[in-house]
There are 2 protein chains.
Amino acid sequence: MTDCKEADFTEHTLSSKTVYRGNLLHVLEDEVRLPDGKTGRREYVRHPGAVMIVPFINHDTVVLVRQYRYPLRRHFYELPAGKIDPGEEPLVTARRELREECGYEAEHWRHLMTVHPCIGYSDERIELYLARGLAHVGTALDDEEFIEVLHVPFREALDWLRQGRITEVKALIGLLLAERIAAAEAW
Amino acid sequence: MTDCKEADFTEHTLSSKTVYRGNLLHVLEDEVRLPDGKTGRREYVRHPGAVMIVPFINHDTVVLVRQYRYPLRRHFYELPAGKIDPGEEPLVTARRELREECGYEAEHWRHLMTVHPCIGYSDERIELYLARGLAHVGTALDDEEFIEVLHVPFREALDWLRQGRITEVKALIGLLLAERIAAAEAW
């Protein structure tokens, strides 16, 4: 055990094949050369990337969404989010998702952070944005999107986090970062 | 748009089949009945669940790990973590992983939160723990685990988070929660 020796554990691709391609998921199985020279197998999902928005209606009210997430067979409280289309700028995706899911346009946009939700078995990255100065412009939800839009006092959203009512990781990070920024900048 | 009407968007399983079963990943494809009566397809990964530990060596130093994550083809700074074995209590997993990955036993354990990293396409849940009162007892890394163990001042870990050097979601949440607790309890 040493501090910051920055060892090189790079795994080199020997072969790669698609083992499942659905409408949503693309799963690959690669053979790799491990750092000790042995070979290993890596199974993972290829993802186009996503965005998430922390939208403030005013300085103390945030817009949440609630939807059913089939893999866990339950509803979740989340923040508006969506996948990046091929070639799309992440900020364009963010503007589109905020309008399509929640019916808002925002005047002020700020990139908060790039995060990686599932590095053990997915290459997904998520760009997190803070949106302020919202104007309601109506909604145009995609077919098959069953989403409830909620206006929640920011303090209450933080209570929901503490109580375990919000457990989805990117929403948690967005709310905790917004809390830090609000504290630092005294909104 | 209304507040807290708590609509029921439950999707009911019509059929379910395994479309890929590797050494790590189990991928399913289900046909579901959507809330509007139409049918839809859901593709997702079944995961055994995981734990992560925020281990404090002393009140201002945290133990991080650094490893290569093949899906993203780069090294990541993380906190010690691992998958729950079948039938294993999550706290037992956490004690095991802290010992196996980093060589530490901890006197004080505190459950911080249950989080869901990837609700769009995985049923994974992660139990987050805070561990204090560490004693070094040596390591016993699994074969094929290439991991660097680092002692990092907690303030520096928070700087790494701000600088985008730490982007893995559960590590971010663990550090942000530890910061809140440290502030509230004045460690």
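**Exercise 1. State how many charged side chains chain A has and how far apart the centres of the two sets lie.**

Solution. Chain A has 24 positive and 32 negative side chains; Lys and Arg count as positive, Asp and Glu as negative, while His and the chain ends are not counted. Each charge is placed at NZ of Lys, CZ of Arg, CG of Asp or CD of Glu. The centres of the two sets lie 4 Å apart.

The model is predicted: local features need pLDDT of at least 70, side-chain atom pairs count only at pLDDT 80 or more, and totals for chains, interfaces and linings use all residues. Residues are numbered from 1 along each chain as its sequence is written, chains are lettered from A in the order in which they are written, and side-chain values use heavy atoms, with hydrogens and water left out.

**Exercise 2. Give the order of the elements of chain A.**

Solution. Chain A has three helices and ten strands, taken as DSSP runs (helices H or I, at least four residues; strands E, at least two) numbered from the N terminus. From that end the order is β-β-β-β-β-β-β-α-β-β-β-α-α.

**Exercise 3. Check the span of helix H1 of chain A, then find what its buried residues pack against.**

Solution. Step one: the expected span is 1.5 Å times one less than the number of residues. For the 13 residues of H1 (residues 90-102) this gives 18 Å, and the end C-alpha atoms are 18 Å apart, so the two agree.

Step two: the buried residues (under 20% relative accessible area, 1.4 Å probe, protein chains only; exposed is over 50%, partly exposed in between) include A:Ala94, A:Leu98 and A:Cys102. The buried residues of H1(A) pack against strands S4 (50-58), S5 (61-69), S7 (81-83), S8 (104-115), S9 (126-136) and S10 (148-153) of chain A.

Step three: just after H1(A), A:Gly103 takes a positive phi of about 80 degrees.

**Exercise 4. Describe phi and the setting of Arg73 in chains A and B.**

Solution. Phi of A:Arg73 is near 55 degrees, a positive value in a residue other than glycine. A:Arg73 sits in the loop between S5 and S6 (74-78) of chain A and is partly exposed at 37% relative accessible area. For B:Arg73, phi is also near 55 degrees; its loop joins S5 (61-69) and S6 (74-78) of chain B, and its relative accessibility is 36%, partly exposed.

Methods
Contact = heavy atoms within 4.5 Å.
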